[in-house]
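Colleague: I am new to this model. Can you take me through it and tell me what each label rests on?
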Amino acid sequence: QVQLVESGGGLVQAGGSLRLSCVASGRTDNLDDMGWFRQAPGKEREFVSGIGRRPHSAFYEDSVKGRFTISRDNAKNTVYLQMNTLKPEDTAVYYCVAAESPGVFDYWGRGTQVTVSS
């Protein structure tokens with residue numbers, strides 16, 4: 001089993017920045033992709049960004065490209081999401097995810113709230 005714990009959410013004004021962190025613990029040796037989903041009130045959960053173990057393997061949902069940057073420290077089993085130029089529509093609960101097979105996100109954190117005020 002793998003446990004994921006997110007941190008770094010909060011309240012920020014539009015145009016501001018936040019950095020989310022997620023630490024994985026447990027059986028982390030087999031982890032492949034890690035990433036982030038989000039769910040806004042009244043909306044379905046959606047993919048935000050993901051990254052593999054290899055460098056330059058990041059991928060993003062279109063609405064966050066150029067504003068969000070995902071990174072990963074394999075030695076620390078930690079994935080980060082740097083979010084810049086935040087918009088009110090980025091308001092959501094952000095969930096850290098991890099996969100043992102590429103793109104199959106078996107493990108989910110409990111989520112961290114991000115609120116962007118206009």
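Modeller: Start with Met34, which stands opposite Ile51 in S5. Keep in mind that this is a predicted model.

Colleague: What makes S4 and S5 a pair?

Modeller: Two strands pair if there are at least two bridges between them. Strand S4 (residues 34–39) and strand S5 (residues 46–51) have five bridges. So the pair meets the rule, and the sense is antiparallel.

Colleague: What lies between S4 and S5?

Modeller: Six residues, and the two strands form a hairpin. Gly42 sits in the turn with a positive phi of about 75°.

Colleague: How do you know that S5 pairs with S6 as well?

Modeller: Three bridges join S5 to strand S6 (residues 58–60). The rule asks for at least two, so S5 and S6 pair. They run antiparallel. Ile51 stands opposite Ala58 in S6. S5 and S6 also form a hairpin, with six residues between them. His56 in that turn has a positive phi of about 60°.

Colleague: Why is Phe47 called partly exposed?

Modeller: Phe47 lies in strand S5. Its relative accessible area is 24%. Buried means under 20%, and exposed means over 50%. The value falls in between, so Phe47 is partly exposed. The C-alpha atoms of Phe47 and Phe37 are separated by 4.4 Å. Along the chain, these two residues are 10 residues apart.

Colleague: Why is Arg27 called exposed?

Modeller: Arg27 has a relative accessible area of 57%. The cut-off for exposed is over 50%, so Arg27 qualifies. Arg27 lies in the loop between S3 and S4. Its C-alpha atom is separated from that of Ser57 by 22 Å, and the two residues are 30 residues apart along the chain.

Colleague: Which strands make up the open sheet, and in what order?

Modeller: Four strands, in the order S1-S3-S8-S7, with antiparallel pairing.

Colleague: What makes S1 and S7 the edge strands?

Modeller: Strand S1 (2–7) and strand S7 (68–73) each pair on one side only. From one strand to the next, the twist averages 15°.

Colleague: Which residues of S1 are on the covered face, and which on the uncovered one?

Modeller: Val2, Leu4 and Glu6 form the covered face. Gln3, Val5 and Ser7 form the uncovered one. In a regular strand the side chains alternate between the two faces of the sheet.

Colleague: How do you know that Cys22 and Cys96 form a disulfide?

Modeller: Their sulfur atoms are 2.0 Å apart. The cut-off is within 2.5 Å, so the pair counts as a disulfide. The structure holds one disulfide.

Colleague: Why is the disulfide called left-handed?

Modeller: The torsion about the S-S bond is about -80°, so the disulfide is left-handed. Both cysteines, Cys22 and Cys96, are buried.

Colleague: How many cavities of 30 Å³ or more are there?

Modeller: The count comes to one. The largest cavity has a volume of about 30 Å³.

Colleague: Which residues line the largest cavity?

Modeller: Leu31, Met34, Arg53, Arg72, Asp73, Asn74, Asn77 and Thr78. The lining divides into two nonpolar, three polar and three charged residues.

Colleague: What makes three of them charged?

Modeller: Asp and Arg count as charged. The lining includes Arg53, Arg72 and Asp73, so these are the three charged residues. Leu and Met count as nonpolar, so Leu31 and Met34 are the two nonpolar ones.

Technical notes:
Residues are numbered from 1 along each chain as its sequence is written. This is a predicted model: local features need pLDDT of at least 70, side-chain atom pairs count only at pLDDT 80 or more; totals for chains, interfaces and linings use all residues. Side-chain values use heavy atoms; hydrogens and water are left out. Axes are lines fitted to C-alpha atoms, for helices over the stretch in contact, and angles run from 0 to 180 degrees between N-to-C directions. On a 1 Å grid over the protein atoms alone, a cavity is a set of points where a 1.4 Å probe fits but cannot get out, and a pocket is an open set with protein on both sides within 12 Å along at least five of seven lines; lining residues have an atom within 4 Å of a point. Grid points are joined across faces, edges and corners, and a volume is the space filled by probe spheres set on the points. Buried means under 20% relative accessible area, exposed over 50%, partly exposed in between (1.4 Å probe, protein chains only).
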